[in-house]
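Here are my notes for someone opening this structure for the first time. Have a look around, then read on.

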Amino acid sequence: MNINEQDRLFMQAALEEATIAEGLKEVPIGAVVVHDGQIIGRGHNLRETSNDPTTHAEIIAIRDAARKLNSWRLLDCTLYVTLEPCVMCMGAIILARIPYLVFGCRDPKVGAVGSIYNLAEDERFNHRVEVREGVLQQECSSQLSHFFKSLREQKKEQKVQK
């Protein structure tokens, strides 16, 4: 796959959102929506903070972009996200008519763009999403791996202290 400089730039912005999530002790996943070369939506995971299972990075970024465009149709937009979207997020991407999705690394447990399901290419939907994956894959994957490793170490220490 040929990764261009624009993909790198916008995925880096998504990684910055993931870092914000990590600072909140959230799973570090970040997303941005781009229209006409500008970021119009930003989001990072807030499930733990909000106690809301729908506050995934993609959903928050899509809501932000829809408000800025004053439209639920996010035509001519690209969503960049650090981790392969789940079923809920792919549903939102499809319903928002986002034509392009770029993600960093796969999610083998709940990924809905080829890992478990492939909703992007499901011909039963009236909208298809063009997908590019692997942009800054190592950085996206490393951030998640380090987060979960740290979480496991903290839990181990808490057990020892008890």
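1. Start with the charged trio: a network of salt bridges links Asp-64, Arg-67 and Lys-68. For a salt bridge, a side-chain nitrogen of Lys or Arg has to be within 4 Å of a carboxyl oxygen of Asp or Glu. Asp-64 pairs with Arg-67 at 3.9 Å, N to O. Both residues sit in helix H3 (residues 57-69), three residues apart, about one turn of the helix. Helices here are DSSP runs of H or I with at least four residues, strands are runs of E with at least two, and the numbering goes from the N terminus.

2. The cut-offs are under 20% relative accessible area for buried and over 50% for exposed, with partly exposed in between (1.4 Å probe, protein chains only).

3. Before going further, keep in mind that this is a predicted model: local features need pLDDT of at least 70 and side-chain atom pairs count only at pLDDT 80 or more, while totals for chains, interfaces and linings use all residues. Residues are numbered from 1 along each chain as its sequence is written, and side-chain values use heavy atoms, with hydrogens and water left out.

4. The salt-bridge count comes to eight. One of them joins Arg-132 to Asp-7 at 2.5 Å, N to O. Arg-132 belongs to strand E5 and Asp-7 to helix H1 (residues 5-23), so this contact ties together parts that are 125 residues apart in sequence.

5. Another salt bridge is worth a click: the side chains of Arg-106 and Glu-133 meet at 2.6 Å, N to O. Arg-106 is in the loop between E4 and E5, and Glu-133 is in strand E5, so the pair ties together parts 27 residues apart in sequence. Both ends come out as partly exposed, with Arg-106 at 34% relative accessibility and Glu-133 at 33%.

6. Now the cysteines. How many disulfides are there? The count is zero, where a disulfide would need a pair of cysteine sulfur atoms within 2.5 Å. For Cys-77, the closest cysteine sulfur is in Cys-89, 16 Å away, which is too far for a bond. Cys-89 is in no disulfide either, and its nearest cysteine sulfur, that of Cys-86, lies 3.7 Å away. Cys-77 is buried at 0% relative accessible area, and Cys-89 is buried with a value of 0%.

7. Tyr-117 is in the loop between strand E4 (100-105) and strand E5 (130-133), and is partly exposed at 48%.

8. Next, the largest pocket, which holds about 490 Å³ of space. A pocket is found on a 1 Å grid over the protein atoms alone, as an open set of points where a 1.4 Å probe fits, with protein on both sides within 12 Å along at least five of seven lines; lining residues have an atom within 4 Å of a point. Points are joined across faces, edges and corners, and the volume is the space filled by probe spheres set on them. Of the 20 lining residues, Val-27, Ile-29, Leu-83, Asp-107 and Phe-148 lie nearest the centre. Helix H5 (residues 137-161) gives the most to the lining, with four residues.

9. Last, some backbone details. Asn-51 has a phi near 55°, a positive value in a residue other than glycine; Asn-51 lies in the loop between H2 and H3 and is exposed at 69% relative accessibility. Asp-76 also has a positive phi, near 60°. Asp-76 is in the loop between H3 and strand E3 (77-83) and is exposed, at 60%.
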